[in-house]
Amino acid sequence: RRAAGATRRGVAVDLSVHVGPLRLKNPVIAASGTFGYGLEFLPYLKLSALGGFVTKGLSLRPRPGHAPPRTCETPSGMLNAIGLANVGVEAFLEEKLPRLRRHDTAVIANIFGETQEEYVAVARRLSRAPGLAALELNLSCPNTAKGGIVFGVSPPVISEVTAAVRRAAPDLPLIVKLTPNITDIGVAARAAKDGGADILSLVNTFLAMAVDLERRRPVLDNVVGGLSGPAIRPMALYMVHRAARAVDLPILGMGGIVTGEDALQFMVAGSAAVQVGTTNFFDPGGSVRIVREIEAWCRARGVGAVRDLVGTLRLPEATAPTAG
């Protein structure tokens, strides 16, 4: 007997997912900081083939970011210390968003600030703009001296900033992006929920560094960067699982997703959809390929709707919260 939601092999798979108030045509979103403003990827894919994408982090004023070198390859991953370089919210609204409205996909604006007031100002400005599906509140960037991870490691501040942005943009779904650089991701997840988050996204990059041995200097000009790519996938998967057990908010899981099966592991662990990041650097069409691979996996196993897989992880009867 087929499980509920299953269908005959070869029959079309329903890839649509519900992520709180967001309705996506499929569960694959290109992650912030890896996909530019979306327009840069038009030579490689159709934006309409994605469930959505998240813009580069947008600030109140333009930012040049850190000096180079600000990226480097590591075993099974990469380090970046871009420093949230971006054109600023006004240029995004005037130059980027009008062009993005032509594409049938969910456009999610990632926002940040050095102060709570800057977060609020950016959110308020975007809340009046047609064509946005949601805001993603970046409380987790490891590459800025102010804001970002400084806010994201303090649960009371997570709640406070989330609540302030919620008031500034009451009509847009609010996603809060969490840092893994915290002792208990469950505490951060609960803080975001208390502040009024509709959705959580996790994880952002892990703090890390690389050394140029011949020069005896850090590879990155910023010294420290954020580690992403397949190297972090097992840790990211655990944190998604942990957050899903801590709160009843929908989750966008991310961290080293390269294949459709990687994405489905996150969904089984509790994420309603996924974000794909580092893959976009070495395979510009990778996000759309992952959509196809998810569909093929489901069809081969008679899964009629991909959303039926969310949170279906089968745990042993006695499962310790952490490894012994």
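Let me begin with tyrosine 44, which counts as exposed because its relative accessibility is 53%, where exposed means over 50% relative accessible area, buried means under 20%, and partly exposed lies in between, with a 1.4 Å probe and protein chains only. Please keep in mind that this is a predicted model, in which local features need pLDDT of at least 70 and side-chain atom pairs count only at pLDDT 80 or more, while totals for chains, interfaces and linings use all residues. Residues are numbered from 1 along each chain as its sequence is written, and side-chain values use heavy atoms, with hydrogens and water left out.

Now to the aromatic rings. Rings of Phe, Tyr and Trp (its six-membered ring) pair if their centres lie within 6.5 Å, and planes under 30 degrees apart count as stacked, over 60 as edge-to-face and the rest as tilted. By this rule there are 4 aromatic pairs. One of them joins phenylalanine 35 to phenylalanine 41 in a stacked arrangement, at 4.1 Å centre to centre and with 20° between the planes. Phenylalanine 41 also pairs with tyrosine 44, here edge-to-face, at 6.2 Å centre to centre and with 65° between the planes.

Taken together, Phe35, Phe41, Tyr44 and Phe53 form one aromatic cluster.

Lastly, valine 223 is partly exposed, with a relative accessible area of 34%, and this valine lies in the loop between strand S13 (217-218) and strand S14 (225-228), strands being DSSP runs (E, at least two residues) numbered from the N terminus.

Definitions and conventions:
Helix = DSSP H or I, 4+ residues; strand = E, 2+ residues; numbered from the N terminus.
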